[in-house]
Amino acid sequence: MATKPPKGDPVQDAPQVTEPKHAAAGLPAIGHTLRIAQQQMGVKRTALTLLRVNQKDGFDCPGCAWPEPEHRHAAEFCENGAKAVAEEATLRRITPEFFAAHPVADLATRSGYWLGQQGRLTHPMYVPEGGTHYEPVTWERAFDIIAEEIAALGSPDEAVFYTSGRTSNEAAFLYQLFARELGTNNLPDCSNMCHESSGSALSETIGIGKGSVLLDDLYQADLIIVAGQNPGTNHPRMLSALEKAKANGAKIISVNPLPEAGLERFKNPQTPQGMVKGAALTDLFLQIRIGGDQALFRLLNKLILQTDGAVDEAFVREHTHGYEEFAEAARAADWDETLTATGLSRQEIEEALAMVLASKRTIVCWAMGLTQHKHSVPTIREVVNFLLLRGNIGRPGAGVCPVRGHSNVQGDRTMGIFERPAPAFLDALEKEFGFAPPREHGFDVVRAIRALRDGEAKVFFAMGGNFVSASPDTEVTEAAMRRARLTVHVSTKLNRSHAVTGARALILPTLGRTERDLQVGPNGKSTEQFVTVEDSMGMVHASRGRLEPASGQLLSEPAIVCRLARRVLGESSRTPWEEFEKDYATIRDRIARVIPGFEDFNARVARPGGFTLPHAPRDERRFPTATGKANFTAAPVEYPELPEGRLLLQTLRSHDQYNTTIYGLDDRYRGIRNGRRVVLVNPEDADRLRLADGSYVDLVSEWKDGVERRAPGFRVVRYPTARGCAAAYYPETNVLVPLDATADTSNTPASKSVVVRLEQSATD
């Protein structure tokens, strides 16, 4: 059912389908990496650039936030990291002539893949009110336009300042400082759409919204549970850590609705034996029904309580609170309900229990498969209960391990990118900078979209990312953005968000991680700057680009924020924005005085490999919660209910994809090539619903608001997913996720449990 795309845009709904793979990486990954890198960068640039990725004197990969080991390979990157670098370091360029040839209306018809393949942005671009094309604009005029629109607002709270996780610590700190000095806490970020549920649950239970393990803990673990996560595609370097853990004797349980090739067998491309034979990783695969994780961990907790000597009573007595209420709820867990919720067998759960009881040091890793459901926060709290029962927090080789996505999403939050800042953080800002920050909570992503939709927000400024494609309820989000007076995107590449504009729109091109950042100092000489990032395990290190910038018109993110602040805030600001722009070390000095853990920042980050931020639960078994202890919690067991004739859909990435960036049209581990509009359906469900393999359907989501949300033209692929479950790629399926279908407490979109019906496509 291939539909004809615009000229030059490849067909994406007529894929070739083969059997899924049962191993990841190896020679195919090397070949694919080199082919894409050379297409974008050429042979010489590929070698010079990739050998600097994740090195102690190089730049941080703009892909995932998985940490680097102390001893690093010469090629310390994965296939998807290489794709991310290649897209940024590409030799392709988007000049003003491109925009003259492509009106905004044309860009809006293009796929995200086509947009991303056009190359690096080179000039600031502007769409005036009533305009049809982006046109070049000077930086001075761009800042004037933003200042005009902000000055016309009735309140600073009518502006929204979004942040992507690729933003450096320095830029993020300046960005939140500018927004708060302007007078708003409207600082939504990509965490709101991914690990907000993790932060909410962990802050309540252990007192800090971050994971408690380091890489060395994985190597020392007896048991690692990987739940709701696909490392082979989303965090490929994690497979090396799991391989090392296995070699040290660890067992691995995978909990996921889909079998994932990387967790079956990892063919390590760094070693000859790895490339040929590989290592089997998963000892037990629990093919859980979507959303059944809370029920699984609740029953495991009941069974631990029933086993003599299984509970670490000394730890529970000394370090925890709320045990009795939790234990009462856990003892009420029901086998039949659990089997219904999880789709697992009693034998599988008992086998998992035996592995849990045999382990003295257990780690639970998770990602979006746990965080994007209505009941995600209680699910993650139940995971914490599971670890607390056996003393598995604050012990080497044990702990919680939420695996973050974007390379500095955790650092952005540490720097204050948060719509609900802690009073202590605001107090420190006030003391350091001499202004009174706003105390009212601001908008997260979902609330920002509502505010734009309802006319309560009029200016939208995005520091990186692809907000339109990343957000839920695509039609609602796009309509909301078009109601804005001004939309601004700081970007390296073209994406869908640039084609969905407010009355006026700006694209501000910025340096990438791979590029040299030269700033003119007070003496008139150019000095090379570096930035810092925080990985998924709380390690902070420097990132230094080496390539010449894609254009002489690019500004760094810190420079953009500093110039914006000077233009918007004017003489009323006592913050030394000009000084910050010229010397990033002065930014780090201020961070050191405001944010605990960053004392002596400049000296510590100068050490190769950087430094580790303190983590009281891990380092001291001290829990900075309201009770002063780790909190057990009790909540009713929840899981999605599925009406007759419906399926439970999870949105997910393909292998040729990082978040909303589409590198290619293949998902080779799942056997999908040359297309993205596919829906993976269990063969028994396909038979029950009379869906022929290769037929085309529309996906129609059903939610309590009664609104029909439709994603048309998806090829049915019979696939070994869990019964009653289906899967399809985002952002194509974000249209199906209702804006108001969110996780309790965290307000994260419930993108992993969407009730859908499949209707035969009209053109099939």
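At 38% relative accessibility, Asp 740 counts as partly exposed in this predicted model. Its side chain forms a salt bridge with Arg 450, with 2.9 Å between the closest N and O atoms. Arg 450 belongs to helix H24 (residues 445–453) and Asp 740 to the loop between strand S32 (725–729) and strand S33 (754–760), so the pair ties together parts that are 290 residues apart in sequence. Arg 450 is likewise partly exposed, with a relative accessibility of 24%.

**Salt bridges**

- One network, held together by salt bridges that share partners, takes in Arg 646, Asp 698, Glu 702, Glu 708, Arg 710, Arg 757 and Glu 759.
- Over the whole structure, the search finds 58 salt bridges.
- Side chains of opposite charge can pair when their charged atoms come close.
- Glu 260 and Arg 670 meet in a salt bridge with an N to O distance of 3.1 Å. Glu 260 sits in the loop between strand S9 (251–255) and helix H13 (261–264), while Arg 670 sits in the loop between strand S27 (661–662) and strand S28 (672–673); the pair thus links distant parts of the chain, 410 residues apart. Both Glu 260 and Arg 670 are buried.
- Lys 374 and Glu 638 form a salt bridge in which the closest N and O atoms are 3.6 Å apart. This pair also links distant parts of the chain, 264 residues apart: Lys 374 is in the loop between helix H20 (368–371) and helix H21 (376–389), and Glu 638 is in the loop between strand S24 (630–631) and strand S25 (647–652).
- Lys 374 has a relative accessible area of 43%, which lies between the 20% and 50% limits, so Lys 374 is partly exposed. Glu 638 is at 25% relative accessibility and therefore counts as partly exposed.

**Aromatic pairs**

- The structure holds 20 aromatic pairs.
- One of them joins Phe 173 and Phe 433 in a tilted arrangement, with 6.2 Å from centre to centre and 45° between the planes. Phe 173 lies in helix H8 (residues 169–182) and Phe 433 in helix H23 (residues 423–433), so that distant parts of the chain, 260 residues apart, are linked. Phe 173 and Phe 433 are both buried.
- Tyr 323 and Phe 632 form an edge-to-face pair, with ring centres 5.5 Å apart and an angle of 70° between the planes. Tyr 323 is in helix H17 (residues 323–331) and Phe 632 in the loop between S24 and S25; the two are 309 residues apart, in distant parts of the chain. Tyr 323 and Phe 632 are both buried.
- A cluster linked by ring pairs contains Phe 98, Phe 99, Trp 114 and Tyr 134.

**Charges over rings**

- Lys 244 lies over the face of Tyr 219, 4.1 Å from the ring centre.
- Arg 588 lies over the face of Phe 530, 4.0 Å from the ring centre.

- Strand S30 (residues 696–701) is mostly covered, with six of its six residues buried.
- In a regular strand the side chains alternate between the two faces of the sheet.
- In S30, Tyr 696, Asp 698 and Val 700 point one way, Val 697, Leu 699 and Ser 701 point the other way, and all are buried.
- S30 pairs with S31 in the antiparallel sense over five bridges. Within this pairing, Phe 714 in S31 is the bridge partner of Val 697.
- S30 also pairs with S33 in the antiparallel sense over five bridges. Here Ser 701 stands opposite Val 756 in S33.

**Arg 715**

- Arg 715 is part of strand S31 (residues 709–718).
- The relative accessibility of Arg 715 is 14%, which is under 20%, so Arg 715 counts as buried.
- Asp 698 is 17 residues away from Arg 715 in sequence, and the two are 9.0 Å apart in space from C-alpha to C-alpha.
- Leaving aside residues up to four places away in sequence, Arg 715 touches Pro 15, Val 17, Arg 677, Val 678, Val 679, Asp 693, Gly 694, Ser 695 and Tyr 696.

Notes: Residues are numbered from 1 along each chain as its sequence is written. This is a predicted model: local features need pLDDT of at least 70, side-chain atom pairs count only at pLDDT 80 or more; totals for chains, interfaces and linings use all residues. Side-chain values use heavy atoms; hydrogens and water are left out. A salt bridge is a side-chain nitrogen of Lys or Arg within 4 Å of a carboxyl oxygen of Asp or Glu. Helices (H or I, at least four residues) and strands (E, at least two) are DSSP runs, numbered from the N terminus. Buried means under 20% relative accessible area, exposed over 50%, partly exposed in between (1.4 Å probe, protein chains only). Rings of Phe, Tyr and Trp (its six-membered ring) pair if their centres lie within 6.5 Å; planes under 30 degrees apart count as stacked, over 60 as edge-to-face and the rest as tilted. A charge sits over a ring if NZ of Lys or CZ of Arg is within 6 Å of the ring centre and within 35 degrees of the ring normal. Contact means heavy atoms within 4.5 Å. Two strands pair if DSSP finds at least two bridges between them.
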